[in-house]
Amino acid sequence: MKKGVSKILILLAIVIVSNSCQERVENQLVLGEWWANLEVTESEILPFNFSLTSSENGDYKMVIRNSDELITVDDIEVFNDSILIKMPVFEGYIAGNYTDETITGSFVKESLDRIVPFNAEFGEKSRFEVKEVASINVSGIWEADFNIDGEKPYIAKGIFYQNDDIVTGTIRTTTGDYRFLEGVVDGSQLKLSTFDGAHAFLFTANVTDSTLNGLFYSGNHSVEKFTAKRNDAYELPDANSLTFLNEGYEKFDFTFPDVNGNMISLSDEEFQDKVVLVQIMGTWCPNCLDETKFYVEYLNKNPNPNLKMVALAFEYARTEEKAFQGIQRLKDRVGVDYPILLAQVGTDSKTKANEKLPMLNHVLSYPTTVYIDKKGGVHKIHTGFNGPATGEKYEEFKVEFEKTLQELLVE
């Protein structure tokens, strides 16, 4: 059923694009504030807000809001009553039909055969409806366990801030953060959501003064049980201790193609006697996007001929052509001028990724950054990325990052 729907949506996209040069119809989307939702189950929706504006030539621009995060979407096509909204970096898109005050369709990720029903309506509306005054304040640090009845349980750290019934914050794991979360406490129910064009996350939980018991929905393809308890002193393991070279390996090396088909290796002359950062990432990964934006900004502000960077992209796109299109889209949108090599296609499996990089004990997270000194030795490996949503942790990372590079560059 999903594949059938996917084909219909792809055909719709083709029709929209092929006819986009034709004259616009009179019916226009109303500009202003909109409320949207993704149907993650028959009984649960993931809500978010966006604003819609229009340029002088009539092109639409959407700005999605998740707490302090603003995501601009400027690739929107309309034809007759059909609409196609393409995410700026990620491959996902929203396709469907519209009236002046409604949009009905699906959020689609073709490479993963994932389709989530989407609805939007014009008007200023709270993200979540609040039916009861908050009986609990969840502000603080929470020690959490996710996927508690699954094959691969994992630990996490919740950081929440509550003002009346409004809650913001994030959830950190050993592989990164779960983005800018926004929601409410409705009576004794915690509800949080985020939609960033790739991840669609919804968290619901029953709350007491000291415990959370809930469900984590990732789109409509995954549901995990989680529990949490208050613990102001709780911290996750050191991100620099989780990934390391296997016994018997002294160097980190690879050979993968760039967008022009050139085979690039860490043993190439351009990397010799240089400090090198190797970013293990995927163009589909929001945490990788946060990290890439940081690296681009840092390198632009701190150019140094003795510092090189290269990224290894592990892509779930089904073909090399599609994967390289995603890589080029990321480079163009973010202004990446360091090489991004295609390391894997057809899956984002970390087990498969580890086969490509057997010198590592495991590929635990996208992203992961390998710091290599001027002699070619691995100085350290940083697992995951705590982005802007983590606040203080993000600031700590920036300080540590600059300190590490300064140490390596003066050696």
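Asp-273 is exposed because its relative accessible area is 58%, where exposed means over 50%, buried means under 20% and partly exposed means in between, with a 1.4 Å probe and protein chains only. Asp-273 is found in the loop between strand 20 (263-265) and strand 21; helices (H or I, at least four residues) and strands (E, at least two) are DSSP runs, numbered from the N terminus. The phi of Asp-273 is near 60 degrees, a positive value in a residue other than glycine. Most residues other than glycine have a negative phi, and most peptide bonds are trans.

This is a predicted model, in which local features need pLDDT of at least 70 and side-chain atom pairs count only at pLDDT 80 or more, while totals for chains, interfaces and linings use all residues. Residues are numbered from 1 along each chain as its sequence is written, and side-chain values use heavy atoms, with hydrogens and water left out. The mean pLDDT of the protein, pLDDT being the predictor's confidence in each residue from 0 to 100, is 93, and 94% of the residues reach 70 or more. Over residues 1-8, however, the pLDDT is below 50, and this stretch has six contacts in the model beyond near neighbours in sequence, a contact meaning heavy atoms within 4.5 Å.

Asn-80 also has a positive phi, of about 50 degrees, although it is not a glycine. Asn-80 sits in the loop between strand 5 (75-79) and strand 6 (82-86), and it counts as partly exposed because its relative accessibility is 41%. The backbone holds another feature at Pro-367, where the peptide bond from Tyr-366 is cis, with omega near 5 degrees; Pro-367 lies in the loop between helix 4 (350-356) and strand 24 (368-372).

We can now turn to helix 3. The 15 residues of helix 3 (residues 320-334) should span 21 Å at 1.5 Å a residue, and the end C-alpha atoms are 21 Å apart, which agrees; the expected span is 1.5 Å times one less than the number of residues. Which residues of helix 3 are buried? They are Ala-323, Phe-324, Gly-326, Ile-327, Leu-330, Lys-331 and Val-334. These residues cover an arc of only 155 degrees around the axis, which puts them on the same side of helix 3, the arc being that of the directions from the helix axis to the C-beta atoms. An α-helix has 3.6 residues a turn, so residues three or four places apart point the same way. On the other side of helix 3, Glu-321 and Asp-332 are exposed. The buried residues are covered by elements including strand 21 (275-281), helix 2 (286-301) and strand 22 (307-314). Helix 3 is followed by Gly-335, whose phi is positive, near 80 degrees.

The interior remains to be described. A nonpolar core is a set of buried Ala, Val, Leu, Ile, Met, Phe, Trp, Tyr and Cys residues joined through side-chain atoms within 4.5 Å, and of the 92 residues in the largest such core, Phe-252, Phe-254, Val-278, Leu-312 and Leu-357 touch the most other members. Apart from this core lies another, of 22 residues, among them Phe-146, Val-167, Leu-181 and Val-207. In soluble globular proteins, nonpolar side chains tend to be buried together.
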